Amino acid sequence: MKQQRLLSWQFFSPLIITLMTVVIIVLGTGNTNLLHISPAAAQRFSSSDVWQKVYQQIPDLPQENQYISKTTRQIVVTNTLASRLIRYHIYNKGRSPIYRLDWKLTLADYLDANETIYMDSYPGNDSLQQNPLAGDRIAISKLTRRQRNNLVQVLVNIFNPSDQNI
């Protein structure tokens, strides 16, 4: 009986160790939702490409690019509302760039109807003399519902060109 128990332990021991190792690795990644789309999915585009595509398709979207760099003391024309919106959505919130609902949640953040946007971590806070969050909120609040829906659809189409109906 003791020998049989010892043999079963010798068989199951490596299996248990292997299973424990896999569990530790999966939990150690910090991503317990295996269906989560990470910000790396959006890295096939550089943020400069995306915001430019947004303005090509929606030329009347406010640029909000009048802010001055802390280092060069020059206006940074490439630091736009669209570029900050995209960076906030993907990198600050970790939301997927291919789903309409995620973009709508981000716009709701700007309208103070969803989650809090923290000024200290908002894109541009570390590189611009003035934090652009207040101006960005005003610009988005001035958009009509139709304009916001168009912005969402354009962003989804840019990040997921193969499926235009998500």
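**Close-up views around helix H4**

**View 1. Buried residues of H4 and their partners.** The buried residues of H4 pack against H3, helix H5 (133-141) and helix H6 (145-159). The model shown is predicted. Which residues of H4 are buried? They are Asp102, Trp103, Thr106, Leu107, Ala108, Asp109 and Tyr110.

**View 2. The crossing of H3 and H4.** Two packed helices are described by the angle between their axes and the distance between the axes. Here the pair is helix H3 (residues 81-92) and helix H4 (residues 100-110). Their axes come within 10 Å and cross at roughly 110 degrees. H3 is therefore roughly perpendicular to H4. The crossing in which H3 passes H4 is right-handed.

**View 3. Residues at the contact of H3 with H4.** On the H3 side are Arg84, Leu85, Ile86, Tyr88 and His89. They meet Asp102, Trp103, Thr106, Leu107, Asp109 and Tyr110 in H4. By class, this contact of H3 with H4 has six nonpolar, two polar and three charged residues. Trp103 and Leu107, among the H4 residues that meet H3, are also among the buried residues of H4.

View 4. Thr80 lies in the loop between helix H2 (47-57) and H3. Is Thr80 buried or exposed? Thr80 has a relative accessible area of 0%, so it counts as buried. Leaving out residues up to four places away in sequence, Thr80 touches Trp51, Tyr55, Gln63, Glu64 and Asn65.

**View 5. Asp112 after H4.** Asp112 follows H4. The phi of Asp112 is positive, near 60 degrees.

Terms used. Residues numbered from 1 in each chain as written. Predicted model: local features only at pLDDT ≥ 70, side-chain atom pairs only at ≥ 80, totals over all residues. Heavy atoms only, no water. Axes fitted to C-alpha atoms, helices over the stretch in contact; angles between N-to-C directions. Helix = DSSP H or I, 4+ residues; strand = E, 2+ residues; numbered from the N terminus. Parallel < 35°, antiparallel > 145°, perpendicular 65-115°, else oblique. Left-handed = near helix turned anticlockwise from the far one by under 90°. Contact = heavy atoms within 4.5 Å. Nonpolar A, V, L, I, M, F, W, Y, C, P; charged D, E, K, R; others polar. Buried < 20%, exposed > 50% of the residue type's maximum accessible area, 1.4 Å probe, protein only.
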